[in-house]
Amino acid sequence: MFANALKSISSTHISTHYTISQNLTSIAGPWRIYPAKNKKTGKECSVFVFDRKTLDTHRSGLSRSEAAEFKRAVDTVVERLKKEASAIAKLRHPGILEVVEPVEETRGGGLQFVAEAVTASLSGLLQEKDQQERGGGRSSRYVTEDADGNRRRREVEIDELEIQKGLLQVSKALEFLHDNAGLVHGNLTPDAILINAKSDWKLSGLSFCSPQESSNTQSSIQPINLREVLRHHPSLPRNVQLNIDYTSPDFVIDNNLTASADMFSLGLLIVALYNSPHKSPLSCNGSLSSYQRVFSSSESTPTAANNFISSRPLPKELASRVLPRLITRRPAQRMTASEFQQSEFFNNIFVSTIRFLDTFPAKTPSQKSQFLRGLVKVLPSFSKSVMERKLLPALLDELKDKELLSLILHNVFKIIELLPSGRRAFGEKVRPSLKETFVTNVKQTADKEKEKDPTRDAGLMVVIEQLPVIGDNCSGKEFKDDVLPIVFSALESPTPSLVDAALRSLPAVLPQLDFSTIKNELFPVIATIFSKTSSLAIKVRGLQAFVTLCGGSSDPGDDGLDGLAPQKKKATSSTALDKFTMQEKIVPLIKAIKTKEPAVMMAALSVLRVIGKVADSDFVAMDILPILWSMSLGPLLDLKQFQAFMELIKSLSSRVEEEQTKKLQELVGGKQSPAIKDDFLSFGPIAGSSLDANGTTETDFEMLVKGEESGGLSANPLDSGWDSMTSSAAVASPITNSRMSTPAATFSWSSPPPAAPTNHFTAVKAQQPGFRTVTPDLATLQPITPSTTQFSQPPTHPKPTTRTPTPLAQPPQQQSTSINWTSASSTTHNPWSSTKPSPNPITLLL
């Protein structure tokens, strides 16, 4: 169907300048409504298309005379529809459908015109409501989106408030039509009422409109012939003929064109809204005789006694006060459109709110302010459809009034919270308006000097407070492109309270941004604010912002600032900034802090605590700990604050100690590190400086000082017997070789070897680990020189003379071959060693 219609209009002005969708929006009588968009401006609208071929399909099977009559009837219908489009274009009223492009003919003889965007017709909604109530078929072909972004078919919302609002708008259009234009609608049916994107009910279907008989108003609308329009043509569709089920007896019985006839039709329309199924209480199937029989009997005539032939109960105000003055046989007893608007049916706060909003621009500033303050309290009582499609657009239109900016935004965000499809409403309507108000308009005045604007700052404050709601209703890209510039405007504001609120909002901002945006765009702005501000409060908030940026959780409950209440924050799931930025950017900023105020010091402590968990241990030792020590000694800190610093210092110091210890242990392969020695600084003792007390006992010392001869040590080693010989043999030379099993010979006249250097070398060598070698000081080793020989004196002389023999040469590589004279003297007999031979068994044997 649409393909044929589109083919017939492909070369028209409308098809050239508008992009027409193939998805049918709704059907209103003979008109098929399609969504469209202006190619130049991008504005959404609707194209009304009438295809003449839909009438020609009923032509088959007619005789020649019938076919000629059918052709004349079709031409009349086309002229009547053309008259309707022209009449709508001439009549300008908020309650009448707005025409954008006038009607034009298509190649196939059809018609089309462009009007404001329409979402449904009342007849279509009532049909879908019937399907829902019967429980069969699909609920709606209109798709909506819930708060989680899930697409679903929306329920048809024709609740009490929607009906009251719609009837009020229709009655205003009728009042304008009757009193100002002097016209009668003539065919007020559900097909004649369209619903636009704002949920407003718009009056249309003026193909049977005509000037009133008693009106003195000049009109270009041609009057209708009641006899002609009341005659039913069975070969024509019913949607192009007068629907007598909604027609007043003034037309059918009295043949009068009066404005009260429209009020009778309005009464029948109201009953259809509450009836089940949703249709007129009159059912005549286009037959005039059936219509006359209905009004010939009181039982079949809709009255209060029979509940106006409604299958459902009607609201009390309608049944008792309104409908009896609308559905009445006598035109003089009927309400006018103006009286209908003042009826008890509209006497409630919801309808009064909508009526006030319709006349909002004409109200005084005081009335506007008072209205907006009270609106936020009654919003939960409104239907979702009214809030989204009526209240929200009306409030956004008033954002241009700076004095009311904050009050309007409070109501806007309240509506977003209440709507199940708040995400879609925010993306389509609210977010573009916020960007235009706080970003686009500000850029246009960027060259001017920045001055405080209290009204704009108040609006910005509302947006910053509602950032969690904004984040839940937009994607990350949308947040970055449209919302983040608003946050920057708040951060760069000269108002400290606004900057403080923007800094406290970071927990709601960070989850919406990627790492690159946080590091390269958001962090530099916050760092600049922190370094340049002279406000103590902003300084503290900046440090708390650093905690959040580093992935920590900042609790402002005890920040030393009065009047700044804590705020619940969403914990970030991961570290926002990397370790390099923390160490190289944030720590220098903290190090440059000059103030010693406890609030700033404790806030800086929180930042360093978070950074200390991820920073390198050497950075902690060389940079963070010195800063902590310097701050901990601040003169204004109390004991509790000082202890907090010391706790962190000890914790970080322990971490540094553990990591350094582990590192050193890994260097030695996990083995226990040996004790540190300083023997590489030893050059050995000086000859003769050491005291050797080996072999000297306390008894020997006592005998020496008393002048007595020592009996424990004989001058002749043979006098000591086998025990002394064995004891002497046990004292081996310190320079020994494991390969030499035979001790070197020594003599009694040999001078004892230097003990101290030899013992020192032996001790050092024994203490050295297996992988180290200590070279002894050879300068300290004295040559072996015997003190006496057997030829130095005759045997008869008691005191032998000393003779120094030539020392034996020792190979440098074989120290073990040297002769140990001391040991030799213990085993070799010297007959001249003593004048008193000892009674030793060895002497006797010799």
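Asn255 sits in the loop between helix H8 (249-252) and H9. This model is predicted. Asn255 is not a glycine, yet its phi is positive, at about 60°. Its relative accessible area is 29%, so Asn255 is partly exposed.

Asn307 also has a positive phi of about 60° without being a glycine. Asn307 belongs to the loop between H10 and helix H11 (316-322). With a relative accessibility of 25%, Asn307 counts as partly exposed.

## A cis proline

The peptide bond joining Ser276 and Pro277 is cis. Its omega is about -5°. Pro277 lies in a loop as well, the one that runs between helix H9 (260-274) and helix H10 (288-294).

Asn255 comes in the loop between H8 and H9. Pro277 is in the loop between H9 and H10. Asn307 is in the loop between H10 and H11.

## Helix H18

Helix H18 covers residues 454-465, 12 residues in total. From its first C-alpha to its last, H18 reaches 16 Å. That is close to the 16 Å expected at 1.5 Å a residue.

H18 is mostly covered, with 9 of its 12 residues buried.

## Cysteines

How many disulfides does the structure hold? The count is 0. Cys45 is buried, with a relative accessibility of 6%. Cys474 is buried too, at 4% relative accessibility. Both values fall under the 20% cut-off for buried residues.

## The chain as a whole

The chain has 846 residues, and 46% of them count as buried. Its secondary structure comprises 33 helices and 13 strands.

Contacts between residues at least 6 apart in sequence can be sorted by separation. Of these, 65% join residues at least 24 apart. The accessible surface of the chain is about 44,900 Å². Carbon and sulfur atoms account for 52% of that surface.

Definitions and conventions
Residues are numbered from 1 along each chain as its sequence is written. This is a predicted model: local features need pLDDT of at least 70, side-chain atom pairs count only at pLDDT 80 or more; totals for chains, interfaces and linings use all residues. Side-chain values use heavy atoms; hydrogens and water are left out. Helices (H or I, at least four residues) and strands (E, at least two) are DSSP runs, numbered from the N terminus. The expected span of a helix is 1.5 Å times one less than its number of residues. Buried means under 20% relative accessible area, exposed over 50%, partly exposed in between (1.4 Å probe, protein chains only). A disulfide is a pair of cysteine sulfur atoms within 2.5 Å. Contact means heavy atoms within 4.5 Å. Accessible areas come from the Shrake-Rupley method with a 1.4 Å probe; for residues, only the protein chains shown count as cover.
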